[in-house]
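Open the model in your viewer and keep the selection panel at hand. The stops below take you from one selection to the next.

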Amino acid sequence: MSESVAPPSSAVQPSLTELFHAFVLVSISGFGGALPWARRTIVEKKHWMTTEEFNETFALSQFLPGPNVINFSVVFGSRFGGAPGAAVALAGLLGPPLIIVSVLAVLYERYGGIETLSRILTGITAAAIGLLIAVVAKMAAPMFLKRWNSALVFAIIAFIGVALMHWPLPYVFLGLAPFSITFAWFKR
Amino acid sequence: MNDSPLTSLLGYFALLSLFAVGGANAAIPEMHRVAVDVMHWMNDRQFSDMYAIAQVSPGPNVIIVALIGYHVAGFAGAGVAITAMCGPTCTLAFFVARTWDRFKGARWRMAIQAGMVPLSIGLIAASAFVLAHAADRNVYAALITAATAAVAFFTRINPLWVFLAAGVLGLSGWL
């Protein structure tokens with residue numbers, strides 16, 4: 001491997017074991033999204049990064065496709081420990097949830113048909129849909145501050161394509177992304 | 001590609017991994033399209049149940065792909081699905097992380113970042129819509145959805161409490 005990225009300025013350097021433990025902790029504490037827990041552990045408790053460094057690293061994780069927190073663990077881990085650091089952080093983040101979910105998967109396959117369980121899950125799904133709506137509302141709020149906004153148009157087209165027309169995601173993405181990026185380039 | 005379920009899982013989730021802008025929640029419609037409509041691995045009900053289980057499990061939301069994988073092909077399926085969903089994007093993340101700092105403030109980077117936001121918003125909205133379609137619908141479920149949306153928008157409450165309340169309401173036979 002070529003030389004790794006310069007680690008952030010902070011004086012505290014986690015070892016591989018510490019990295020693993022930190023991400024295990026993030027993974028099992030992170031109900032409903034692991035980001036707040038990652039921030040608390042890395043910035044506030046361990047002081048491995050400043051808030052700015054954390055935000056910058058997280059911006060990269062969002063910029064990349066795929067699950068954000070997963071990307072974050074890889075970027076963060078590689079920054080401190082190269083490839084082994086990335087592997088250790090990822091294993092810490094995914095290991096415990098995978099074990100728990102495997103147990104739940106077995107239980108669901110066996111008892112998923114029971115009406116009581118099914119009613120509980122119906123309630124949770126209804127709440128989960130509400131959470132998604134709140135996320136969308138928070139993300140979209142800045143768009144409505146302007147009268148006319150190309151971003152809103154792209155969001156609506158993406159919604160119609162995927163939710164109503166049932167077009168495959170890769171087509172919708174490849175069809176919209178070039179235009180959306182071009183508009184963003186010329187704006188501002 | 002459709003010969004073995006493991007190969008299908010690998011192919012679909014590896015592809016999805018690279019197009020899931022906005023994270024796991026933005027990829028729900030595509031997962032539903034493939035798992036329910038195209039491959040007939042499961043029905044609507046099972047899909048929305050798995051989403052609910054993934055939500056109340058600790059850890060990243062992407063863990064739903066392990067549930068789908070397990071349903072299709074047991075533990076091997078779970079392993080293949082999560083590896084396929086994380087592998088390509090993790091590899092990309094690893095290599096991009098090395099050059100990222102150089103492009104801090106670059107205009108093309110800002111443009112790509114800004115250009116992805118509307119797509120993420122549209123896709124997450126589509127996730128809510130697809131799940132609402134797949135789940136059991138009645139007036140009480142709709143009330144829970146509306147109440148949760150309002151609570152989550154205006155407060156910073158831990159979602160776990162909301163799920164707990166919604167689960168109890170479901171159990172009590174209101175749904």
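How many residues of chain B are in contact with chain A? Select both chains: 89 residues of chain B are in contact with 82 residues of chain A. Contact here means that the C-beta atoms of two residues, placed from the backbone, lie within 7 Å.

Before moving on, note that this is a predicted model, in which local features need pLDDT of at least 70, side-chain atom pairs count only at pLDDT 80 or more, and totals for chains, interfaces and linings use all residues. Residues are numbered from 1 along each chain as its sequence is written, while chains are lettered from A and ligands numbered from 1 in the order in which they are written.

**Stop 1: the side of chain B that touches chain A**

Colour chain B by helix. Two or more residues on this side come from each of α1 (5-19), α2 (28-38), α3 (44-56), α4 (64-99), α5 (107-134), α6 (139-154) and α7 (159-174) of chain B. Helices are DSSP runs of H or I with at least four residues, strands are E runs of at least two, and both are numbered from the N terminus. Now pick α5(B): this helix gives the most, with 20 residues. By residue type, the side splits into 62 nonpolar, 20 polar and 7 charged. Nonpolar covers Ala, Val, Leu, Ile, Met, Phe, Trp, Tyr, Cys and Pro; charged covers Asp, Glu, Lys and Arg; the others, Gly among them, are polar.

**Stop 2: chain B as a whole**

Chain B has 7 helices and 0 strands. Its C-alpha trace spans about 55 × 45 × 25 Å along the principal axes. Select 5-135 for domain 1 of chain B and 136-175 for domain 2. These bounds come from an automatic or database domain assignment. The two domain centres, taken over C-alpha atoms, are separated by 24 Å.

**Stop 3: the core**

Of the 175 residues in chain B, 55% are buried. Buried means 20 or more other C-beta atoms within 10 Å of the residue's own, with C-beta atoms placed from the backbone. Which residues have the most contacts inside the largest nonpolar core? Select I64(B), A66(B), L67(B) and A81(B); the core has 120 residues. A nonpolar core is a set of buried Ala, Val, Leu, Ile, Met, Phe, Trp, Tyr and Cys residues joined through C-beta atoms within 7 Å. The largest share of this core, 18 residues, is from α4(B).

Finish on A81(B). Neighbours within four places in sequence aside, A81(B) is in contact with L9(B), F13(B), V65(B), A66(B), I68(B) and G69(B).

Technical notes
Buried ≥ 20, exposed ≤ 12 C-beta atoms within 10 Å, placed from the backbone.
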